[in-house]
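Hi there,

Here is the structure I promised to pass along.

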Amino acid sequence: MTGVPELGPWLGRLTATRGPSARVPGLDHLRLELIAELFETAASARDLDQRGRPDEAHQTLNGTVWLELYRAVAGRVAAHTMDEARRRIETAAVESRMPKRLVMARMPGEEDTAIANHRARAAGIPLERLAAEPPGGEWSDQVPRRAAALQDAWDRLEVAMGEELDRWTAVARGVGAWRRDRRPLWLITALSLAVMLWLGLAIGGYLPAPGLIGSVRDWWWSLPWP
């Protein structure tokens with residue numbers, strides 16, 4: 001079997017610089033972590049192959065390893081997406097002054113986080129198919145196929161997490177548009193003004209002043225006013 005080839009030429013889409021239009025911001029560092037871990041694993045496999053241990057080299061960089069590396073980063077991507085969703089809801093709540101109990105009811109829960117994780121793992125189906133194949137074959141065949149599957153999996157992951165974040169962004173917009181019902185405040189204000197007006201007229205002698213109010217009125221007018 002030929003030696004372990006360099007991965008760079010086969011990971012063009014994954015290593016390419018991404019623009020600011022990503023649907024889930026902040027994924028670049030996770031994508032670069034995946035690339036770094038994969039390159040480090042490939043370097044270990046290359047070292048074993050050069051030392052005359054090709055079987056161990058293939059075990060180090062087999063299909064299952066590619067899948068495990070993807071799944072580890074996919075879990076972090078899902079967690080990052082849910083954190084971004086919470087951040088957007090919290091920001092919207094500050095702007096609308098929504099009460100905390102209402103905000104918490106709209107936050108992603110454990111079930112929502114589990115769904116995001118499931119979708120992130122499901123995006124790795126191209127890699128799962130390769131990992132299920134019997135071991136063997138030349139590096140020149142294995143590496144390009146796995147690299148292509150990894151890039152497809154990452155593209156699917158970004159789409160899935162973008163859809164998740166879009167859903168929670170819609171929730172954040174609803175939180176931002178929330179306004180407190182001011183009718184109780186208006187009712188209390190109106191009643192307070194009515195009571196104050198009545199007290200003023202009763203103490204001023206323009207209206208009957210029963211009970212304690214009458215005593216207060218009599219005391220008020222008994223004072224030695226100038």
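**How the helices pack**

H6 and H8 cross in a right-handed manner. Please keep in mind that this is a predicted model. H6 covers residues 110-122, while H8 covers residues 139-176. Their axes come within 8 Å, at a crossing angle of roughly 160 degrees. An angle over 145 degrees counts as roughly antiparallel, so H6 and H8 are roughly antiparallel to each other.

On the H6 side, the residues that meet H8 are Asp 112, Ile 115, Ala 116, Arg 119, Ala 120 and Ala 122. Their partners in H8 include Leu 157, Ala 160, Met 161 and Trp 168, along with Arg 156 and Glu 163. By class, this contact has eight nonpolar and six charged residues, with no polar ones.

H6 also packs against H4 (residues 63-96), with the axes 9 Å apart and an angle of about 140 degrees. That angle makes H4 oblique to H6. Here too the crossing is right-handed. From H4, Tyr 70, Arg 71, Ala 74, Gly 75, Ala 78, Met 82 and Arg 86 take part, meeting H6 residues that include Asp 112, Ala 116 and Ala 120. The class count for H4 with H6 is six nonpolar, three polar and four charged residues.

A few details on H4 itself: its 34 residues reach 49 Å from first C-alpha to last, close to the 50 Å expected. At its start, a side-chain oxygen of Asn 62 comes to within 3.1 Å of the backbone nitrogen of Thr 64. After H4 comes Arg 97, with a positive phi near 60 degrees.

Best wishes

Key: Residues numbered from 1 in each chain as written. Predicted model: local features only at pLDDT ≥ 70, side-chain atom pairs only at ≥ 80, totals over all residues. Heavy atoms only, no water. Axes fitted to C-alpha atoms, helices over the stretch in contact; angles between N-to-C directions. Helix = DSSP H or I, 4+ residues; strand = E, 2+ residues; numbered from the N terminus. Parallel < 35°, antiparallel > 145°, perpendicular 65-115°, else oblique. Left-handed = near helix turned anticlockwise from the far one by under 90°. Contact = heavy atoms within 4.5 Å. Nonpolar A, V, L, I, M, F, W, Y, C, P; charged D, E, K, R; others polar. Expected span 1.5 Å × (residues − 1). Polar contact = N/O pair within 3.5 Å; in protein donor to acceptor, adjacent residues only side chain to side chain.
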